[in-house]
Amino acid sequence: MNYTLHQLEVFLKIAELQSVTKASEALYLTQPAVSIQLKKFQEQFKIPLFEVVGRRIYITEFGQEVADAASKIMEEVKAIDYKALSYQGELAGKLKIAIVSTAKYVMPYFLSDFINENRGIDLVMNVTNKASVIKALENNEVDFAMVSTIPKKLKINRIELMPNQLYMVGGKDYQLKGEYLSKAEFQKLPLIFREQGSATRLAMEKFIESKKIPTYKKMELMSNEALKQAVISGLGFSIMPLIGIKNAITYGDLQIIPVKGLPIVTNWNLIWLSSKNMSTIAKSLIKHINENKNSLIEKHFNWLDKY
């Protein structure tokens, strides 16, 4: 066999995505370059690794076994790279973090300097809803999680980062009749919710329930961005985290609608299991954030005080 690590990488990505086009995009290569590497890799075997039906590529049973073996090889190569860097006194390895979808506007700012200063660290960050984040933490699949509400059933340690403010928002054409949105007017609004399992959804439902406001649900959307675009377009209204809609408010696409009892204020927290055997990388990140969080908040999020 005369295949290269590059060919293994290309084949693994094709096997994962079932598409040469998607693999080329993921690897930042041209489609012809990926196709050439796939062809050269296939030439190493007498048995087909894949078959093309229509416009789709399907990995054969043999191809899947090769992909599984290739994955183990690539993991071993990574492990060698990590060990080499460690012997040179550098932090090296994987850092796994699960964050709720709105936290994508926050977490990168607390990670960027740390990752840039430690090039041997590979960051794996999963962006999903709260329920999936907590499950990943509970199953010890990640080192850290970032949430705005603390899970009660888990024993965790945490670093409190910054406030998370949720406001009622609507499209730019909505005209408020008084100083605050009245209860009568509130219950007429078509509301748009996040999906079940979302912390934003839970906060919105708790607020409405506490005010005993009869409402009707217009729709349910799976991401903060989709919800924001729906509100901008005039499809309905929602209670949303300020951190994800700042630019839309600044440019006048969205407006905050004053409601008594809002904003809802929670806090962003970086959390980890109390029983977790923390890696050197994880301990270093905790130290980095504790030492720099105030300056990072002042640098990137000082605008929050204006609302």
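Modeller: What follows begins with how to read the model, turns to the core and its rings, and ends with the charged pairs.

This is a predicted model, in which local features need pLDDT of at least 70 and side-chain atom pairs count only at pLDDT 80 or more, while totals for chains, interfaces and linings use all residues. Residues are numbered from 1 along each chain as its sequence is written, and side-chain values rest on heavy atoms, with hydrogens and water left out.

A nonpolar core here is a set of buried Ala, Val, Leu, Ile, Met, Phe, Trp, Tyr and Cys residues joined through side-chain atoms within 4.5 Å; buried stands for under 20% relative accessible area, exposed for over 50%, and partly exposed for what lies in between, with a 1.4 Å probe and protein chains only. The largest such core has 59 residues, and the members that touch the most others are Leu-95, Phe-110, Phe-144, Leu-161, Met-162, Trp-268 and Phe-301. With eight residues, helix H11, which spans residues 280-301, gives the most to this core; helices in this account are DSSP runs of type H or I with at least four residues, strands are E runs with at least two, and both are numbered from the N terminus. Apart from this core lies another one of 19 residues, which includes Met-168, Phe-193, Ile-208 and Leu-262.

If neighbours within four places in sequence are left aside, Phe-301 is in contact (heavy atoms within 4.5 Å) with Tyr-105, Val-106, Tyr-109, Phe-110, Met-162, Ile-243 and Leu-296.

Some of the rings also form pairs, a term used when the centres of Phe, Tyr or Trp rings (for Trp, the six-membered ring) lie within 6.5 Å, with planes under 30 degrees apart counted as stacked, over 60 as edge-to-face and the rest as tilted. By this rule there are seven aromatic pairs. One of them joins Phe-110 and Phe-301, whose ring centres are 6.3 Å apart and whose planes meet at 15°, so the pair is stacked. This pair links distant parts of the chain, since Phe-110 belongs to helix H5 (residues 107-117) and Phe-301 to helix H11, 191 residues apart. Phe-110 is buried, with a relative accessible area of 0%, and Phe-301 is buried too, at 4%.

Another pair is that of Tyr-174 and Phe-237, with ring centres 5.1 Å apart and planes at 80°, so these two are edge-to-face. They also link distant parts of the chain, 63 residues apart: Tyr-174 sits in the loop between strand S6 (156-171) and helix H7 (183-186), and Phe-237 in the loop between helix H9 (224-233) and strand S9 (238-241). The relative accessible area is 17% for Tyr-174, which is buried, and 11% for Phe-237, which is likewise buried. Ring pairs also link Phe-11, Phe-41, Phe-45 and Phe-62 into a cluster.

Leu-137, in helix H6 (residues 130-138), is buried at 0% relative accessibility. Not counting residues up to four places away in sequence, Leu-137 touches Val-142, Phe-144, Ala-145, Leu-154, Ile-156, Ile-271, Trp-272 and Leu-273. Leu-137 and Leu-273 are 136 residues apart along the chain, yet their C-alpha atoms are separated by 7.2 Å.

In the segment after H11 comes Trp-303, which counts as buried at 11% relative accessibility. Beyond residues up to four places away in sequence, Trp-303 touches Leu-242, Ile-243 and Lys-246, whereas Ala-226, 77 residues away in sequence, is 24 Å from Trp-303, C-alpha to C-alpha.

To finish with charged side chains, the whole structure holds 12 salt bridges, each a side-chain nitrogen of Lys or Arg within 4 Å of a carboxyl oxygen of Asp or Glu. Helix H11 returns here, as Lys-287 and Glu-291 both lie in it, four residues apart, about one turn of the helix. Their salt bridge has its closest N and O atoms 2.9 Å apart, and both residues are exposed. In another salt bridge, Lys-177 meets Glu-185 at 3.8 Å, N to O; Lys-177 counts as exposed at 74% relative accessibility, while Glu-185, at 17%, counts as buried. Arg-201, Glu-205 and Glu-220 are linked in a network of salt bridges.
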